[in-house]
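I opened this notebook to record what I looked up in one structure. The entries follow the order in which I consulted it.

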Amino acid sequence: MKAFVLQPLQEALNALLLQGVIPEVPAQLELDRPKQVEHGHLASNIALLLAKKAGRKPRELADAIIAALPASPWIVRTEIAGPGFINFFLSPAAFHAVIEKIQTEQNQFGSNQRGEQQKLQLEFVSANPTGPLHVGHGRGAAYGASLANILRFNGYDIFCEYYVNDAGRQMDILAASVYMRYLEAAGLLPWPFPDNSYRGAYVREIAAQLRTQCGDRLEHAAANIPNLPAMEDADAAVDTLIAHLKQSLGNDYRVLHSAGLDEILNDIRNDLEQFGVHYERWYSERQLVDSGAVDRATAELEAAGHCYIQDGALWFRSTAFGDDKDRVLRRENGAYTYFASDVAYHAEKFARGFTHVLDMWGADHHGYVPRVKAALKALGLDDEKLEVVLVQFAILYRGEEKVSMSTRAGEFVTLRELREEVGNDAARFFYVLRRADQHLDFDLDLAKKHSEENPVFYIQYAHARVYSMLRQATEKGLSLPADNERALDCLQDSRELALADALWRFPEVVHNAARDREPHQIAFYLRDLAAAFHTYYNSTKILVEETPLRHARLTLCKGVAQTIANGLKLLGVSAPEQM
């Protein structure tokens, strides 16, 4: 719709340039939407921008620009406001045009190709496979999947990836936890289950499956098992147990390790698929290490002189690249740190040809941003091409009661439980109702309400209402507009034009949501559009006897339904035709 004003404005400025009235025409012309329609549908500050260079007062230059505007079927009048803003008032034909555009583009309405098929890699969730996904992970999943949809709608080539931390210490702790439950089931655990191990019920289930698979074959490792409770340092105690199991079980340790990893990872995959979250690749940290990528990245940093040895450990001099302190790459025992794997993984991302890498991390990982960027700089890569979005925690409330969360203790509400209770649609929508970097209070009671208080129900109801009208018209024997209905001239009422004006905003909102990485802009827009439609529906008789007017109003309503469906799809939410 901005093109209806930009084109004649461009022509006017070109004419004034030829006349010597202005010295230049900006390469990019901007238009704003006044907060109140009484001040116009679009506004330009071009006279203010050019006045000083043109040697004229802004209002005087605004007069000259208006006088130079060519005749247009889209602009009914202009006015000068304040110090020199030019306000443009559009004709009903301009609003009819957006309805026709929706009819033509349908499920592509709102999309654009501004991304020019640039290759963007999105990594999100990437939770350690040490337990089921909980409601906190759900926010990152909903945010990442929605942002991927929005970026694709803006013409980007998106590759979604889940980084599987299957080679670190947490997986060893899970393996030890499974083994202790394996012993406990046979009455062989010599002491109470340690608090710093994974204690969820799912660990017992995995241990039971392991016993079914292996019988008592792994019990021999219980001989000479360390007395963990006697050790003062809990972390040192569990590390001692892990070392004992690796030595005692030999090759069978991989069986123990995989028992937990495979079961939990399969559960995570299934949970996310059912939540409408899909990945092009599940990237294994273990495969990254086995491929030699961590060795190569570390060697490259050493060869460039960015590392030093201290207390037997290999340190990366990250302070030279903006970090607040240097970071360990390889411990004194020869084991690589998580950071070393992160460096190799991000270097490998760019080696795959992505033009931009977008990571979505939990807010507690904010300290990782400068150190990873420092490593990319040290490797000669453009750290500006790595963008990190920090996703704050989601706090679940049942009524006034806050639900406590502890993965290690096994006290949490799983994402699957949440989905089963409120449904995928409510979960996906509520998760993106705030900016990712803001805390989110998830109101469980509100998410289940079937009333206008519940925003997702309110929006879906607007979509269903349109289809209800179409069914009612058929039942009454009234004709329906054709899919390519163009007889819209009778849409002149201010309420109808206001609704079309709301539709006109959708492509701009889609663009802004991608630019700002903010899916909540789509959610807010849909809520406003639904409110505008419900207001129109309640104040206007749509199924009138006059065929042209009925067809025009139904065509407008179908445009609303299409736009709502397009927006909800970007958020991973369904658009039901009946409720």
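Entry 1. The model is predicted. I began with the side chain of arginine 419, which makes a polar contact with the side chain of aspartate 271 at 2.7 Å. A polar contact to the side chain of asparagine 424 is also present, at 3.3 Å.

Entry 2. I then looked up where arginine 419 sits: the residue belongs to helix 14, residues 415-422. Is arginine 419 buried or exposed? Its relative accessible area is 8%; because the cut-off for buried is under 20%, arginine 419 counts as buried. Leaving aside residues up to four places away in sequence, I found that arginine 419 touches Asp271, Gln274, Phe275 and Asn424.

Entry 3. I turned to the nonpolar cores. The largest has 163 residues, of which Ile65, Leu122, Tyr162 and Tyr431 touch the most other members. I listed the neighbours of tyrosine 431, again not counting residues up to four places away in sequence; among them are Val135, Phe275, Leu415, Leu418 and Phe442. Apart from this core lies another, of 31 residues, including Phe316, Phe339, Phe354 and Val372.

Entry 4. Just after helix 13, I recorded a positive phi of about 80° at glycine 380.

Conventions
Residues numbered from 1 in each chain as written. Predicted model: local features only at pLDDT ≥ 70, side-chain atom pairs only at ≥ 80, totals over all residues. Heavy atoms only, no water. Helix = DSSP H or I, 4+ residues; strand = E, 2+ residues; numbered from the N terminus. Buried < 20%, exposed > 50% of the residue type's maximum accessible area, 1.4 Å probe, protein only. Polar contact = N/O pair within 3.5 Å; in protein donor to acceptor, adjacent residues only side chain to side chain. Contact = heavy atoms within 4.5 Å. Core = buried A, V, L, I, M, F, W, Y, C linked by side-chain atoms within 4.5 Å.
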